[in-house]
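Subject: Handover of the structure

Dear colleague,

I am passing on the structure below, together with an account of what was found in it.

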Amino acid sequence: MTIKTTLGERLDKQAPLVFILPSVIIILFFSIFPLIVSLFIALSRLKFVKGGVELKFIGFLNFKKLIFGSQQYHLLGTFDQLTPIGYIIISLFTLIIFVWFIRYFKSQKISITGSIGRIVVSGGMFFILLLTLINLTTPKGLPGTLVVTLVYVFIGVLVQFLVGLGLALLCVKKIRGRSFFRTVFFIPMMITPVGIAYLFRMLTDMSKGPFAPIVTWFGFEESSWEVIPWGARTAVMIGDAWQWIPFMFIVLIAGLESLPTEQKEAALMDGAGGWQIFRDITWPTLLPVSVTIILIRLIEAFKIIDLPNVMTNGGPGIATESLSLHSYFNWRTMDLSGSAAVGYLLLIVAVFICVSFVNLLKNKIELAHR
Amino acid sequence: MRNINNLLSRSIALIIGTVFFIVPSVYSKKYDGVTVNILTMEAPQIKGPMVKRAPDFKKLTGANINVIGVPFSDIYPKMESDFATGTNSVDAAVFAPQWMVDFIEPGYFEDLTPRVKSDSALEWDDVGYFFRSFSSTYGGKIYTIPLDGDFHMIYYRSDLLNAAGISPPKTWEEYIYIASRFHGQDMNGDGKPDYGSCISKKRNAQAYWMILSIVGGHLQTKGTGEGIFFDTKTMKPLVNNAAFSRAFDIYKETTKYAPPNEINLDVGDTRGLWTSGRCALTMDWGDIGTLSIEKGSKVKGKTGTSILPGSRLVLDRNSGKLVSCNQARCPYAINGVNHAPFAAFGGWSGAINVSADSKVKDAAYDFFSYMAQANQSNKDVTVGITGMNPYRISQFENINNWTSAGFSKASAENYLGAIKASLDSPNMILDLRIPKNQRYQQVVLDTEVHRFISGEITKEEAMQRIEDGWEEITEEMGRDTQLSAYRKTLGY
């Protein structure tokens, strides 16, 4: 028996293709195609010549220069002998990884992909921790743009999340002027990052800025925190936090307000304290939304460029230069291949951290859902 | 009657038609409807006077001058990418003439020789020889019109030094002594302690020439042809030696007597500090002299100018060590001090994109010529905010031009004398003008000097890194090509 299909039905069958194809083509053109081209540029030496550009394929030379060659100090920092504290931290980390693997292999859920994933995650984390320790805890060690970016990402996002959560917990309570504060907290998110960078550049200027009289009163007139590496990095992170805390706040307060009140009321009736309620009821329910916003911020934070560029120009030295700024400086000096190589390394690191973050917390989120 | 009426009406129509045809052609201008896009630095300097004079030029010629400003460090890449890719959104550029080789060799710049030769209003022979040759000419052809004359010099508070009975610094050791002597004193009467020295040291700005000005007197002794950047036989960088080591020490030492955020100060910041009376000494181009007489300046009549300090110890290029000056080693020394004034940057100059429309090229040339002509230029060089410093011979000779701008006769003579002494010095240092000089200086030198001054690396590491970085570029570009270009710029 054959079923006759009408023209309309046949057209309906083609509809998904017709509607989706343009989007797919646009995405391919604007996203995938540049990604492939920039990979080719990263593997080439690009030179401007009359009439366009000259591309010469050089393999991994740009990456070699960044990881092992003359630009190693810029990307990976300056190395020194690990201190005893560094050895202790690395040993502890190795022990934790070892225990993690034993627990995994003892479990009944072993798989090839799971094993490979864990090896990649632990290997990557080991490298990042070792590099951070070598750069930051050794006498002659200096962070390169990779570790500086990781500092912005981990410390910055952690502070933004904690402050955002604190503010959300405060504002979810029915205190006087709640609406006003919600609006005020939202303002920084609406300002362009360059505007924030200029604002903080003025605020951190201790000779002419608004805090200059206070600093002078305390007797610190002859000081400038933008010439001290950690002072400059802190200034950048404060500016970044000021902009992004409202994002955390807005999403978390929405999460808090959507929580069912019955569990809380029952816990209160049973005599549970505030901390107990937060730990056992609020936090597990808030975990999925927390993971989502942290992931979004992690991805964004890896791309930080406006603040260090405007506030400190990447200085003092290269102390505040992020990977994005490193890539931009290379681009500005017409080293487009070097710039593409840094961009690709940034992509690899960001994908690794974000995928690891999601996978490591996947089980906890599933547990929270149950 | 009807015929007469017809004749009359036809005559009226003819007259009206003639008037309508002739009047616009009489009042139409040479470049009506032509727009010239000129790329330069986004700042009150250089861009400011062009923007200010553009309406007058439009009244004269009808051309629209559209000045596009970008940060200093973006000028070179914008020009290169625009010209090379054939975008040609930039019709002309006002930029650092030392970069011209990178744009002339691929054929991006218009040869201006015939236009200059036939332009009597420009008075080309009145432009100082150095600016006509080094800043404008390449391979015997003229490619840029100078709008500015640049030399690094030292500025000192003449009132303070006179009161203390101290002479202006002749050596860098004296510079440091004076800086230390006045550092912490209130020099502008606001009750706050001020600074001994203010030198721009910001990264990604215009600060990387400063270290070269310090090292110059230690490194070049036998005249301009000796050069300070590379060995003229091997193209080996002259950076990993005792002269640079000493220069790094001096550079760091000056920071002790400076504002706490000096390493992040651009020239605009140090100029502001100078005119507000907060510094006893500074090193800068000619701008400070004219800024100090402007309204609001607290150092009008208190600003002295001197050629760059020199050194009694100079580099023996064979041993790599510093040795004392003598007649044979330092033939141009004055009282045993080897001075080497540095023509840093070379002065902002205008060039024209060869691919621009011919009418646009004509308008661009006429605009540069208009800006450089004595009527405009003589006024602009006396105004501090223009960023333009004297480069015409007549500007050095006509003191009245300066006294009418607000200088006293003595201070004008002092200011112009210092520039002229730099310009006339047989031991003047030429800036680097080989292919990719921007990468040698603005990328490698700038980054490592800033890392050193920030305390990230030692002077030994900085010198090694600059040497390695320069060698890498030389190898990439071809040692022989670079050596040949370097020798040519020095007159070999």
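Among contacts in chain A between residues at least 6 apart in sequence, what percentage join residues at least 24 apart? The share is 69%. Please keep in mind throughout that this is a predicted model.

Chain A

To begin with the overall picture, chain A contains 15 helices and two strands, and its C-alpha trace spans about 75 × 65 × 50 Å along the principal axes. Of the 370 residues in chain A, 30% are buried.

The two strands, β1 (residues 44-49) and β2 (residues 52-57) of chain A, run antiparallel and are joined by six bridges. Within this pairing A:V49 stands opposite A:G52 of β2(A), and in the hairpin that the strands form, with two residues between them, A:G51 has a positive phi near 95°.

Two helix pairs in chain A deserve a careful look, and both involve helix α5(A). In one pair, helix α4 (residues 84-106) of chain A packs with α5(A) at an angle of about 170°, the axes lying 10 Å apart. Since angles over 145 degrees count as roughly antiparallel, α4(A) is therefore roughly antiparallel to α5(A). On the side of α4(A) the contact is made by A:G86, A:I89, A:I90, A:F93, A:I97, A:F101 and A:Y104, while α5(A) brings A:R118, A:S122, A:F126, A:L129, A:L130 and A:L133. By class, the residues of this contact between α4(A) and α5(A) are ten nonpolar, two polar and one charged.

In the other pair, the axes of helix α5 (residues 112-136) and helix α6 (residues 145-172) of chain A come within 10 Å and cross at roughly 105°. The range from 65 to 115 degrees counts as roughly perpendicular, and α5(A) and α6(A) are therefore roughly perpendicular to each other. Here A:I128, A:L131, A:T132, A:N135 and A:L136 of α5(A) meet A:L146, A:V147 and A:L150 of α6(A). The residues of the contact between α5(A) and α6(A) comprise six nonpolar, two polar and no charged.

Chain B

In chain B, five strands form an open sheet with mixed pairing, in the order β2-β1-β3-β14-β6. The edges are taken by β2 (64-70) and β6 (145-146) of chain B, and because each has a single partner strand, one side of each is left without a neighbour in the sheet. Strand β1 (residues 35-41) of chain B pairs with strand β3 (residues 92-95) of chain B in the parallel sense over two bridges, and B:L39 has B:A93 in β3(B) as its bridge partner. Helix α3 (residues 72-84) of chain B packs on the sheet, where it touches β1, β2 and β3 of chain B, and its direction makes about 130° with that of β1(B).

B:N88 lies in the loop between α3 and β3 of chain B and is partly exposed, with 15 other C-beta atoms within 10 Å. B:E123 lies in the loop between α5 (113-117) and α6 (129-133) of chain B, and with 16 C-beta neighbours inside 10 Å it counts as partly exposed.

The core and the contact between the chains

The largest nonpolar core has 199 residues, and those with the most contacts inside it are B:V36 and B:F367. The largest share of this core, 13 residues, comes from α6(A). Leaving aside neighbours within four places in sequence, B:F367 is in contact with B:V36, B:F57, B:A63 and B:I65.

Where the two chains touch, 27 residues come from chain B and 24 residues from chain A. On the side of chain B, the elements that give two or more residues are α3, α18 (437-453) and α19 (459-477), and the largest share, six residues, comes from α3(B). By class, that side of chain B has seven nonpolar, eleven polar and nine charged residues.

With best wishes

Terms used:
Residues are numbered from 1 along each chain as its sequence is written. Chains are lettered from A and ligands numbered from 1 in the order in which they are written. This is a predicted model: local features need pLDDT of at least 70, side-chain atom pairs count only at pLDDT 80 or more; totals for chains, interfaces and linings use all residues. Two strands pair if DSSP finds at least two bridges between them. Helices (H or I, at least four residues) and strands (E, at least two) are DSSP runs, numbered from the N terminus. Two residues are in contact if their C-beta atoms, placed from the backbone, lie within 7 Å. Axes are lines fitted to C-alpha atoms, for helices over the stretch in contact, and angles run from 0 to 180 degrees between N-to-C directions. Angles under 35 degrees count as roughly parallel, over 145 as roughly antiparallel, 65 to 115 as roughly perpendicular and the rest as oblique. Ala, Val, Leu, Ile, Met, Phe, Trp, Tyr, Cys and Pro count as nonpolar, Asp, Glu, Lys and Arg as charged, and the others, Gly among them, as polar. A nonpolar core is a set of buried Ala, Val, Leu, Ile, Met, Phe, Trp, Tyr and Cys residues joined through C-beta atoms within 7 Å. A residue is buried if 20 or more other C-beta atoms lie within 10 Å of its own, exposed if 12 or fewer, and partly exposed in between; C-beta atoms are placed from the backbone.
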